[in-house]
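I opened this notebook to keep a record of what I looked up, entry by entry. Each entry takes one topic.

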Amino acid sequence: NQNHAIIFMRGIFCQCIDANQGAYFEQMLMLPCVLGEFRNYAVGRGKAKRIIGLPEHITSDFGSIGDFAAGSEIAFGTISQRSFAVLGGRMHYGHPDMMNKQYMMQQGGVSKATKTINLSEDIFAGMDFTLRGQGRKIRHCEYFHLAKGRDLGFNAVLGFFSKLSNGTGEQLLTRQMLRLSHCLQLPESLTFYYAHAGYYITQFLVSVSMPILVFTWLLVLCADCDREFRAFGDGTCNVTASEAMASMLATWYSVYILFFLIVTSLPLFAEIWMERNFGAALARWIKQQISCSFLLFIFQAKIIGYYIMAEIRQGGASYVATGRGLPTDRREFVGAPCYKFFRISLRLKGIDPVLLNGNETLQETVCNTIESVACNFLGCTKMLKVTVAQQDSGSRTTARFEICLWPPNDVATISMKDKITSGNFGPALAGGVESISGIGRVCRSALEGTANLDQKQTGWHCEKVGGLYLDYTQHTYYHGMALLMMTLLVLAAGGYSEAGQFKGELWWTFLSLALVVYSWLYAPFIFNPYQFSAGYLLDDIKAWSGFFLRSGGKHWADWFERVLLKPKRGLATSILDIELLFSFFAATAWVSVLYTKQVQYEVLYNKDPIVYLSTIAVMIPPFVLSLCYCILVAVVEYIGGCRKNFESRAQQSMRGIRSYIPYRRAKRTDEDSQSSDEEAGSPPTASPTVTDSRHVMEDAEVLDKPEHRICEHGMPLALSGVIIASLELIEIFGPLMVTFSKRLNWKTLVAGIMVKFLFWNIFLFLAGSALSMTTFCRKVEQSCGFLHKILKLLVYGNGIARDMFISAFIFITLLPYVLINAINDYCMPRFSLHQTLIYRTPGPLAKKQMYYDCASDGSGSDDEEESEGSSGGSSPTRRYPSGSSPMGILKRMTGRS
């Protein structure tokens, strides 16, 4: 758009402004000074060859997340850019920089527009400008700025950083990055690296530092000589591995870690100090620490590291539309359940209820009309009941009706609920009633309809798939749970109990581990509005049950194929993946440790044949019993007549995202035709385009079909996952317990667990990569569907068991927060600790809408009414006592009658 519009622009100097930016009149008075930066003595020479970089005034600095994001933008746009410009590493980062249009057109425009590789399009203008040389210079000025609105929600902020990380990964592959690295001097080259790719690569290194540390710690502990065999040594080494590691970690992690936490926020602190005063800088820093800013930044480092490495390993970056909306809605856990019952109260202002009750024929006609209009508006054809409710005493101008709705199974109830709570439902019903012949006999004035959703009940089916757990499963939850388990294994291997004199100094190390694990597992839920409200607890349980257990696990299987299998890009590409190479390296190290200990036990118990056989079983991957189960299930389902059903499901699952119906809270303009179909009651159609599968923050609306018989539906995937996981646990701990039953040693047991886990991880990685080859799997399914079914059941069973365990662990450990929030609401209903953490305001944030009738003093007989966003209805008119309306006050102030 920018490169197309530049040819129609008048003048020499251009400035591109975003839609979420604003300007100030006072700032525009300094615009001639900015243009004076381009002043030169000869056309095309000297200062004309410039890009004038300008800072932004971030206006979206309210709420904890908004303040964190705004603080990062302020530090980056001021003190960081000031330093980069002096050191020669500043580029063009978009708006509101000003450029010489003539020089921009010579290098192809103000930005690059090639899909994928130029995802971060603005920075290439600065790269090309610097590469052309000949006196071209990028200058940074701070006396002129424009307003800018940034992201406010947790998902929106991290979506923005995921886009930047993907764009940086693509920049590393461009010729501009290569040429700049060759032509820049060493100071400029180091500054350029630090300001761009180096920051994101460092975030990746920081995010993997703790898992690598714990892995090394655990390996050293288990490789140490067992306590029973130390008598056979030469006695020269008196320091155990636990003491050696504790001494090293006590040196690395000490009270100085607080200094590094302060240093990370020092740029913002210094900038606020310079712009305002020391007190304002200190107050903002304290607020950020109290608001748990460290949880967001630890989680953000993990997200940045994941996306930049995923882009380097897999490619396929795409634009992420984050939006700038207010984060006032609660994000579900895994999805939203369907609704099985609605009770709606309808008020028709203008109908005399006494006259209506006296005319039974007209009353029945009104009820039938309301039923037919509601069915057409909601896209429902049955299960609707309309009754006349008991009227308020003394009210002769408003008739109340009660609508009871039981949606059928094949109707999207979430969109139906959105239509009910919209402001159009009540007026639509009033318009239908007004068209009845003879309705004028009971009307006193024009009809006005107001519909409120009084009661709704949810079912155990999952209708909308998408929530915080699914948003960051592969990003942080898997790794956070693995880090937690390895930390527990460190404790079991004696990492703390055998640390000796350094035991008390390990406190800082475990504090750092606790912060990382807690952030990776719980940060999205901590900053989720109304996450711990007890009213949503049962809905999350129902959605979890519907997602994993209903329809044979189809909802989870579709999500698993779209998010985890599809990005693997086949077996040949995955073999060279760095994750697989590291797993092979780790497995080699742990196998050597376990083999050494097994040899020692064989020497002591060489006459016991059970120990010899179990020693062999320890080195076998834990898939023998689970593979036998998968073969048995495949045979039973084939004999039971489930072959055709499975083949249709397998062919349908190959289409992945096609079985999903896109559901977005804010419809885009190019989906107007789809929304019009939904208004008419027709089912929505699937989106023809598929975005990057790594960005899974978009919801999908699904409809559960009626339940099938077992022979038609096959073995439920969740049940198979539990059985497969149980059999694999037996294979992991069974041989280990038998081998070391003579003398159980925790270090040896931990080494065996790590070997089994690494074998399990490598096998599932390769099997999942094989299943991601769509064409190959389709051919294998056609020729040997039995083999494809066994492999798929094994991979899917392990996957659903892992997700059920991690999601249940997170959900259960969040229950104490729900209890604390319930106690807080009971004791202090007007002060919420969780809302204070998120929004920095203790009061409720329900949206209140009031409409004032300024044409009169409000002397009517109706009671005062106030509609909140949680009531789910259109907002009625707010009435005032006589003389107290805004118009009445204005009349008294002006002295007019």
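The entries below run from the overall fold to single residues.

**Basis.** I worked from a predicted model, in which local features need pLDDT of at least 70 and side-chain atom pairs count only at pLDDT 80 or more, while totals for chains, interfaces and linings use all residues. Residues are numbered from 1 along each chain as its sequence is written, and side-chain values use heavy atoms, with hydrogens and water left out.

**Overall fold.** I noted 37 helices and 17 strands in the protein; these are DSSP runs numbered from the N terminus, with helices being H or I of at least four residues and strands being E of at least two. I then looked up burial and found that 48% of the 897 residues count as buried (under 20% relative accessible area, with exposed over 50% and partly exposed in between, for a 1.4 Å probe and protein chains only). Among contacts (heavy atoms within 4.5 Å) with a separation of 6 or more, I recorded that 83% join residues 24 or more positions apart.

**Helices H13 and H14.** I examined H13 (residues 266-275) and H14 (residues 278-290), whose axes lie 7 Å apart at an angle of about 145°. Axes here are lines fitted to C-alpha atoms, for helices over the stretch in contact, and angles run from 0 to 180 degrees between N-to-C directions. From H13, Leu268, Phe269, Ile272 and Trp273 take part in the contact, and the residues from H14 include Phe278, Leu282 and Trp285. By class, I listed nine nonpolar, one polar and one charged residues (Ala, Val, Leu, Ile, Met, Phe, Trp, Tyr, Cys and Pro are nonpolar, Asp, Glu, Lys and Arg charged, and the others, Gly among them, polar).

**Helices H15 and H21.** I next took H15 (residues 293-314) and H21, whose axes come within 10 Å and cross at roughly 115°. Phe299, Lys302, Ile303, Tyr306 and Tyr307 of H15 meet Gln474, His475, Thr476 and His479 of H21. This contact has four nonpolar, four polar and one charged residues.

**Gln474.** I located Gln474 in H21, which spans residues 473-492. Is Gln474 buried or exposed? Its relative accessibility is 12%, so Gln474 counts as buried.

**Aromatic rings.** My search of the whole structure gave 39 aromatic pairs (rings of Phe, Tyr and Trp, the last by its six-membered ring, with centres within 6.5 Å; planes under 30 degrees apart are stacked, over 60 edge-to-face and the rest tilted). I recorded Phe333 and Tyr469 as stacked, because their ring centres are 6.0 Å apart and their planes at 15°. Phe333 lies in the loop between H15 and strand E8 (335-351), and Tyr469, 136 residues apart from it, in helix H20 (residues 468-471). Both Phe333 and Tyr469 are buried. I also noted one aromatic cluster of Phe68, Phe154, Phe297, Phe299, Tyr472 and Phe527.

**Asp540.** I found Asp540 in helix H23 (residues 537-548). With a relative accessible area of 3%, Asp540 is buried. Leaving aside neighbours within four places in sequence, Asp540 is in contact with Arg330, Glu332, Phe333 and Phe811.
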